[in-house]
Amino acid sequence: MFDGIQRRVISVWFPRLASERVLRVRPIEGPFALTLKQNNANRLYCLNAQAEWQNLHRGMPYADARAFCPDLQSGPADPAQDLQFLHVLRRWATRYCPWVGLEGVDGLVLDITGSAHIFGGEGAMLADMRARMTRAGISVQIGVGDTRGAAWALAHYGEGVAESGNMLGALSKLPVAALRLEEKASIALQRLGLRKISDLAAAPRAPLTRRFGPGLLLRLDQALGAQPEEITPLTAPPHYGVRMTLPEPIGLVADVMAGTERLLVQLCQKLKAQEMGARLLCLTLRRVDQDQQQVELRLARPLRDPSRILPLFERGVNTVEAGFGIDQLRLEATQVDSVPVRQMSHVSTGGKDLLDDLITRIGTRIGLENIQRFLPADSHIPERSFVIAPAAYSDPEGGWAVPRPRPVRLFPPEAIVGTGPRPPARFRWRRMAMTTARTIGPERIAPEWWLEDDSWRSGVRDYWHVQTRQGRRLWLYYTPQNPGWFVQGEFA
């Protein structure tokens, strides 16, 4: 990376990352372990130091662990949360150097070339790392070397610092497993008598390549510096937030809206650069007495147009108590969705935009989830031919066509008196006397045998469109397998 400067790499290993993440939130005295179901068996996933002192180890069946240590306390493992916590540690490690990447699921790798002198040398930097990790309650093992492989080996199998330019001397006494080999290859090398890295480095290369493939010697050369191995730093996710600190406090709604407009323009430029749109915006107003008030705006569609978003903030800003004045405004898009760039078209979308803004305005009062729309569903059963979804999180479906007309109102079946397979000439429904004038049908609908539905246990149904002399147009059905008549819907 730097001409004339020897490359230096730090490998940081957190041997109890998962368990210590949980214990930081909920401290427990005594042996503790996290369990994870593997191969239909509940096994130990990560242990604290007290559990390891009881001769428990990773991969041990949980039942056996309880037999060895009856006082063992446990909890379920969450690898996704562990990875998120590791990303937090990665961000923290950028205080030492900008090149920080992940090393598996429980480690970090740092390229500190040219940055150690800022902290007073490698020794002072490592001491600062250990001290901060100790205060945070996190166990750590650190290795330093000229290569990524050497640093990893020293962190996992012999915590220490390798002198620059002498990787073979620093790694010679470590086992071959320190070269990040698969367990199968490591066991095979030990059976051949190659137990240490020095034994492997002195062995003829051609027979090893024929037996184990090129991957074995590649790991050796990477650790010793004969082959390069890059460190890929993770880029921090974009932060969609802007703020403004005012020289003089403000309190008028017009002034707050003007400041919000300036922040919106900056925020929408960030969103546009990433081809994203805001779904949830949070405007934080800090008063001079250090109290904060927030105005939250949920949008029916992801937006990045300041002119459309700004008027939607007005209702929330009107409810803010300015007190002795507001001296800082902070606007953040806490939830974003992808909005790819589209080619301009002559077709106007103004109507859809107005509908989305209307849904947003109503949603700020009653909640976006309470504004719903009907969507078609793939089922010939009347009760299952549609679903109800929030309008803000779904798109309208076009071409909702049915082979036969369906009633406007659909309700649970209501029994009426009737005999025979044809609609009764006269019947009573909801305490009203009805006289049949005209019928259309029948339309036979069979139940979906792959779904359990108690209301369809009576078998097939023969549906009729019945127009009465009283003006009501009803949807009746007859159950031939269990004779009976029911009303289930009403046409317009």
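Tutor: The protein has a radius of gyration of 35 Å, whereas a compact globule of 492 residues would have one near 23 Å. The radius is taken over C-alpha atoms, and the globule rule is 2.2 Å times the number of residues to the power 0.38. This is a predicted model, in which local features need pLDDT of at least 70 and side-chain atom pairs count only at pLDDT 80 or more, while totals for chains, interfaces and linings use all residues. Residues are numbered from 1 along each chain as its sequence is written, and side-chain values use heavy atoms, with hydrogens and water left out.

Along the principal axes, the C-alpha trace spans about 105 × 70 × 55 Å. The protein has 15 helices and 20 strands; these are DSSP runs numbered from the N terminus, helices being H or I with at least four residues and strands E with at least two. Of the 492 residues, 42% count as buried. Buried means under 20% relative accessible area, exposed means over 50%, and partly exposed is in between, using a 1.4 Å probe and protein chains only. Among contacts (heavy atoms within 4.5 Å) between residues at least 6 apart in sequence, 57% join residues at least 24 apart.

R461 lies in strand β18, residues 461-468. R461 counts as buried because its relative accessibility is 0%.

The criterion is NZ of Lys or CZ of Arg within 6 Å of the ring centre and within 35 degrees of the ring normal. Elsewhere, the charged end of R95 sits over the ring of Y96, 5.1 Å from its centre.

Y477 is buried because its relative accessibility is 4%. Y477 also pairs with F486: the ring centres are 5.2 Å apart and the planes are at 20 degrees, so the pair is stacked. Rings of Phe, Tyr and Trp (its six-membered ring) pair if their centres lie within 6.5 Å; planes under 30 degrees apart count as stacked, over 60 as edge-to-face and the rest as tilted. F486 has a relative accessibility of 23%, so it counts as partly exposed. Both belong to one aromatic cluster, formed by Y463, W475, Y477 and F486. A search of the whole structure finds 10 aromatic pairs.

Backbone geometry comes next. Most residues other than glycine have a negative phi, and most peptide bonds are trans. The bond from G441 to P442 is cis, with omega near 5 degrees, and P442 lies in strand β17, residues 432-445. R430, in the loop between β16 (426-429) and β17, has a positive phi of about 55 degrees although it is not a glycine. R430 counts as partly exposed because its relative accessibility is 41%.

For the rest of the chain, the nonpolar cores give some context. A nonpolar core is a set of buried Ala, Val, Leu, Ile, Met, Phe, Trp, Tyr and Cys residues joined through side-chain atoms within 4.5 Å. The largest has 32 residues, and L281, I309 and F313 have the most contacts inside it. Elements that give two or more residues to this core include α12 (253-273) and β10 (276-287). The largest share, seven residues, comes from α12. A second, separate core of 23 residues includes F85, Y96, L108 and M125.
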